[in-house]
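Q: I am new to this structure and would like to learn how to read a few of its features. Can we go through them one by one?

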Amino acid sequence: MDEHSSLLGAKFSSLDARILSHYPQIRSIQHGEIPFPRMAEIYPMYGCNLDCVGCEYTSDNQKGFKRLDTARGLSLIDELADGGTEAIEFCGGGEPSLHPSLTEFVLRGGARGIKFSMLTNGTTLTPHFLSEALPHFSYLRLTLDAADAAMYARTRPAKSGNPWEKVLGNFRALVAERKRQGLEKLAVSAKFLLSKINAHQLEAMAALACELGASSAQFKALRLDPNELSAEEANDVEHRLVRLRATSPIPVLGSVGKIVMTKPCILTPLQVTIDAHGDVYLCCYFTHRKERHSIGNISQMRFSDVWGADRHRAAIGGIQPKECSNLDCRFVRYHDVVDKWMSDEANFSFI
């Protein structure tokens, strides 16, 4: 295997390689500019119907339900589309599908050419959402964290009952609706957060993803929690993931290996995170550094008045690399690709 194949195949997945499409924006950042974000992560909700092990947003969700104002959400989508944003991911925060206007948001953005994705617990996907909103999605990831009902009750306890069977039913309904609408390119993935509690179910989780008709099984390590895998446990899981990739009928993505950032991140302008309060953050890994990563609020301002302003530049200048290593930020891996393949501008003038 040559060096290029090794980097983008074994060490990096196809998800990591997506950063290569952002070359023009990255070059502008390297020249001191702040390009308009091609992607926005929007947290339409704080508040959730589950109480998952290791949730970063427990303190926010315990304060009760907070929804992004519908009128402001719609106008925000218009502002993002006007500026050139191409994709919006709904995640959280709380559970995004609990927002009553989620389908309306998607239809507004879809009419403007925006593509959507969502990370969801899958408990409240409705037939209306699936039939109306699905054509505008590029991918959905349903987080399961278990291979059976008993493990789901441990890792993703609900405030009332155990929704395991409902989640599986909704997953199957989503896959069936994708087929009914002929949306072959829509990726529907099963996501699993691995810890001391559930790592022994790794192979069973991958098998479940196959049985459900998932496009891929995606794995990530729980961090900053007493149930985080030890170095020895993570090494064992990593070897098992290698074997799974060689045998699984569907792609097995992700890793539990610790990644480390050694220099300040410059890539945050490629995307933006906006939560249900209207607060705008440098990136989605803001929970342990909210004050320093907040760059404004769009409740009383247009997004363009926040983006690229002095407060935004100051926040970028204050990024601390050690903090970026806490939660396996994907931009750490993107930096490796940028440093390896985008450091010589002259080479990109040739084909």
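A: We start with a pair of packed helices. In this predicted model, helix 10 passes helix 11 in a right-handed crossing.

Q: What describes two packed helices in general?
A: Two numbers are used: the angle between the axes and the distance between the axes. Here, helix 10 (residues 202-212) and helix 11 (residues 231-247) have axes 10 Å apart, at an angle of about 35°.

Q: Which residues make the contact between helix 10 and helix 11?
A: Helix 10 contributes Leu202, Glu203 and Ala206. From helix 11 come Val237, Arg240, Leu241 and Leu244.

Q: At what angle do the axes of helix 5 and helix 6 cross?
A: Helix 5 (residues 70-83) and helix 6 (residues 102-111) cross at roughly 20°, and their axes come within 9 Å. Angles under 35 degrees count as roughly parallel, so helix 5 and helix 6 are roughly parallel to each other. The crossing of helix 5 with helix 6 is right-handed.

Q: Which residues of helix 5 and helix 6 make the contact, and of what kinds are they?
A: On helix 5 they are Thr70, Gly73, Leu74, Ile77 and Asp78, and on helix 6 they are Glu104, Phe105, Arg108 and Gly109. This contact divides into three nonpolar, three polar and three charged residues.

Q: How far is the C-alpha atom of alanine 71 from that of tryptophan 341?
A: The two C-alpha atoms are separated by 42 Å, and the residues lie 270 residues apart along the chain.

Q: What is a disulfide, and how many does a search of the whole structure find?
A: In general, a disulfide is a covalent bond between the sulfur atoms of two cysteines. The search finds zero disulfides in this structure. Cysteine 48, for instance, is in no disulfide, and the nearest cysteine sulfur, that of cysteine 52, is 5.9 Å away. Cysteine 284 is also in no disulfide, with the nearest cysteine sulfur, that of cysteine 283, at 5.6 Å.

Q: Are cysteine 48 and cysteine 284 buried or exposed?
A: Buried means under 20% relative accessible area. Cysteine 48 has 12% relative accessibility and therefore counts as buried. Cysteine 284 is buried too, with a relative accessible area of 11%.

Conventions. Residues numbered from 1 in each chain as written. Predicted model: local features only at pLDDT ≥ 70, side-chain atom pairs only at ≥ 80, totals over all residues. Heavy atoms only, no water. Axes fitted to C-alpha atoms, helices over the stretch in contact; angles between N-to-C directions. Helix = DSSP H or I, 4+ residues; strand = E, 2+ residues; numbered from the N terminus. Left-handed = near helix turned anticlockwise from the far one by under 90°. Contact = heavy atoms within 4.5 Å. Parallel < 35°, antiparallel > 145°, perpendicular 65-115°, else oblique. Nonpolar A, V, L, I, M, F, W, Y, C, P; charged D, E, K, R; others polar. Disulfide = S-S within 2.5 Å. Buried < 20%, exposed > 50% of the residue type's maximum accessible area, 1.4 Å probe, protein only.
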